[in-house]
Amino acid sequence: MRRPWRLAVAGLAAAALAGCATVQNPDPRDPWEPMNRATFEFNDGVDRVVLRPVAEGYRFVLPEPVRDGVRNFFANLQDPWIALNQLLQGKVEEALSDAWRFIANSTFGIGGIFDIATDMRMPKHAEDFGQTLAVWGIDFGPYLILPLLGPSSARDAVGTLVNSQGYLPWQLPKWLDVDHRVAWQNSLTIVDVIQTRANLLDASDLLEQAALDRYAFLRNAYFQRRRNLIYDGNPPPLPPRDEQSSAAPAAPGGDAQPPREAGPAPQSVAPKVPTNYEAVLAAGERRPAGDD
Amino acid sequence: MQRRLVIFVWVFAALAVPAASAQELTPDGLVKTVTQDVIAVIKQDKAIQAGDRKKTIALVEEKVLPHFNFTRMTALAMGPNWRKATPEQQQALVNEFRTLLVRTYSTALSAYRNQVIEVKPLRAKPDDADVMVRSEVKQSGTEPVTLDYSMEKTPNGWKVYDVAVGGVSLVTTYRDAFANEVRNVGVDGLIKALAEKNRQLETKRS
C-alpha cells in the first residue's frame, strides 16, 4: 500500500527537479539558462500586464505621423553616443556622418522630430558600447537576460551599463528647468520606453506566431543579430557547426558566405544538401500546394 | 534589443519574391520584381492594409511562394536530423513548416507601411549557382533593415532557400528549436508541434 504512494512522490519530485533545475539540451552559449528562463518569464509577465497594454494604447491614441516624430526625436538623441562609439571603434568617417546627422536633425529637423539627415545621405547607424567592446576583442561571454531590458550577454550587459551614461535624457543641460530636472528625466525616459515598445508591437506579435520556443528563438536571433551588428552587416562566414554526421560538408543555413567576387571555390556548393534531398525535392515538386 | 525584435517583422517581410517569367530573370532582378509586385498590390488593396488574413495569404501564395524552395529550407532547418526522417515525415515537415512561414509572413506583410525597399546589385559571378541577394528596407529615424535572400539556381529558375533579416537567418533561427524538439519528442513530435502551432494560429485569427 505504502510503496506505490512513495514511488509516486519520488516520481513527482524527480519530474519537478528535471523540469526546473536542469536543462535538457544545454546551449554552450547559455550556461545560465535556468536563471535566464526565470528572468525571461518575469520580463514577459511585466510586459503582458503593464508595458504591452500601455504601448497598445499609445499606438491606438496617437496618429502615425505623431508617433514617427516621437520615434525620430528619441532616435536623434542617440546619435551623439553612436558617433562617439564609431570613433572608439576607429570609424572616423561614420563618426563624422553621425555627428552631422545629429546637428542637421536637431536644427533643420526641428529638435530631431524629422529625420532629414537620412535624405541627405547620412543613414542612421546602430552602434553601442557593447559593440565597441566587441571590436576591442572582447567575446560575448555567457548569454544573459537582463531584468526588464531583455536579451544580452555578459559583455553587452557591461556595454548597457556604459550606454546609460550616454543616454541624453539623463544628461539634460544644467540650465534646463533646474527645479524639475528629475521630473523631466523620468518623463522622457517613460515616454521613450513606451514609444520603443510600441514600435515593437508588430515584431513581438510576429515572434509569438513564428516561434516554437520563444526563449530559444530569441536567444538564437540575439547572437546572430549582434554578430551582424558588430561586423556592420558583413560578418565573416562562421565555421559550419551543424553537420555532425560528417558525411556531407555542412548545410550552410543563414551563416552562408556573403557573395564575393574573388572568394574561394564557389563550385563547392553541390554537396551541401543531404543525400536524399533530390528525391524529396522531386516529391515536393509534385505536390499541388507548390503549384510552380 | 528593440532593434533585434524589429528584425522579426522583416525576417518575414523578407519572404517576398513574384511569379512573372521567373526563369529568365537574374536573382536580384527576380527579387526586385517580386518585391515591387507585392508592394504594388498591398498599396492598392485596402483589405490587406486593414489586416485581411485570407487576402494576404492568397497574395503570398500567388506571388511569393513559387519562388521559394521550402524543401531545401526545411532540410537546412532540420540539419542532420533531416536524413533520419522518413520521406513521409519529411513531406509532412515541409508542409507544416511552409504553412507556418506563410502565416507568419502574411502577418509581417500587413505591417508594411510605405517603407522603401532597395535591392542591391548582385555581387556574384555569372555562373554562380548559389548567391545571396541583398536588399535594404529604409525607414526614417531607424537604421535600414537588411533583407538578404540566399538563392540557388534550379531548372525552374532561382529559388530562395533562406532569408536573413538584419543578419538573422530564418533557417538558423529555427534550427535550434527543431533540434531540441527532435531530441525531446522525436521527428513525429516535431511534426505534431508544428501542426498544433498552425492549428492555434488558424483558430486564433479567423
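Strands S2(B) and S3(B), the latter covering residues 145–154 of chain B, are joined by eight bridges and run antiparallel. The structure is a predicted model, in which local features need pLDDT of at least 70 and side-chain atom pairs count only at pLDDT 80 or more, while totals for chains, interfaces and linings use all residues. Residues are numbered from 1 along each chain as its sequence is written, and chains are lettered from A and ligands numbered from 1 in the order in which they are written.

Helices (H or I, at least four residues) and strands (E, at least two) are DSSP runs, numbered from the N terminus. Two strands count as paired if DSSP finds at least two bridges between them. In general, the strands of a sheet pair through backbone hydrogen bonds, either parallel or antiparallel.

How enclosed is strand S2(B) by the rest of the structure? Seven of the nine residues of S2(B) (residues 130–138) are buried, so this strand is largely enclosed. A residue is called buried if 20 or more other C-beta atoms lie within 10 Å of its own, exposed if 12 or fewer, and partly exposed in between, with C-beta atoms placed from the backbone. Leu147(B), which lies in strand S3 of chain B, is buried because 26 other C-beta atoms are within 10 Å. The C-alpha atoms of Leu147(B) and Asn95(B) are separated by 24 Å, and the two residues are 52 residues apart along the chain.

Chain B as a whole has seven helices and five strands, and from the N terminus on its elements run α-α-α-α-α-α-β-β-β-β-β-α. Of its 206 residues, 57% are buried. Among the contacts in chain B with a separation of 6 or more, 60% involve residues 24 or more positions apart; two residues are in contact if their C-beta atoms, placed from the backbone, lie within 7 Å.

Two helices of chain B also meet. H5(B) (residues 70–78) and H6(B) (residues 87–109) pack at an angle of about 100°, with their axes 9 Å apart. Axes are lines fitted to C-alpha atoms, for helices over the stretch in contact, and angles run from 0 to 180 degrees between N-to-C directions. This angle makes H5(B) roughly perpendicular to H6(B), a label for 65 to 115 degrees, whereas under 35 counts as roughly parallel, over 145 as roughly antiparallel and the rest as oblique. Residues that make the contact include Phe70(B) and Met73(B) of H5(B) and Leu93(B) and Phe97(B) of H6(B).

Chain A has 10 helices and two strands, and 32% of its 292 residues count as buried. Its strands S1(A) (residues 143–146) and S2(A) (residues 150–153) pair in the antiparallel sense over four bridges, with Ile145(A) opposite Pro151(A) in S2(A). Three residues lie between the strands of this hairpin, and Leu148(A) takes a positive phi near 70°. Most residues other than glycine have a negative phi. Arg121(A), although not a glycine, has a positive phi of about 65°; Arg121(A) is found in the loop between H4 (92–107) and H5 (129–135) of chain A and counts as exposed, with 7 C-beta neighbours inside 10 Å. Asp232(A) likewise is not a glycine and has a positive phi of about 50°, and with 16 other C-beta atoms within 10 Å it is partly exposed.

Finally, the confidence of the prediction in chain A can be described by pLDDT, the predictor's confidence in each residue, from 0 to 100. The mean pLDDT of chain A is 80, and 73% of its residues reach 70 or more. Over residues 11–21 of chain A the pLDDT is below 50, and this stretch has one contact in the model beyond near neighbours in sequence. Residues 241–278 of chain A also stay under 50, with 67 contacts beyond four places in sequence.
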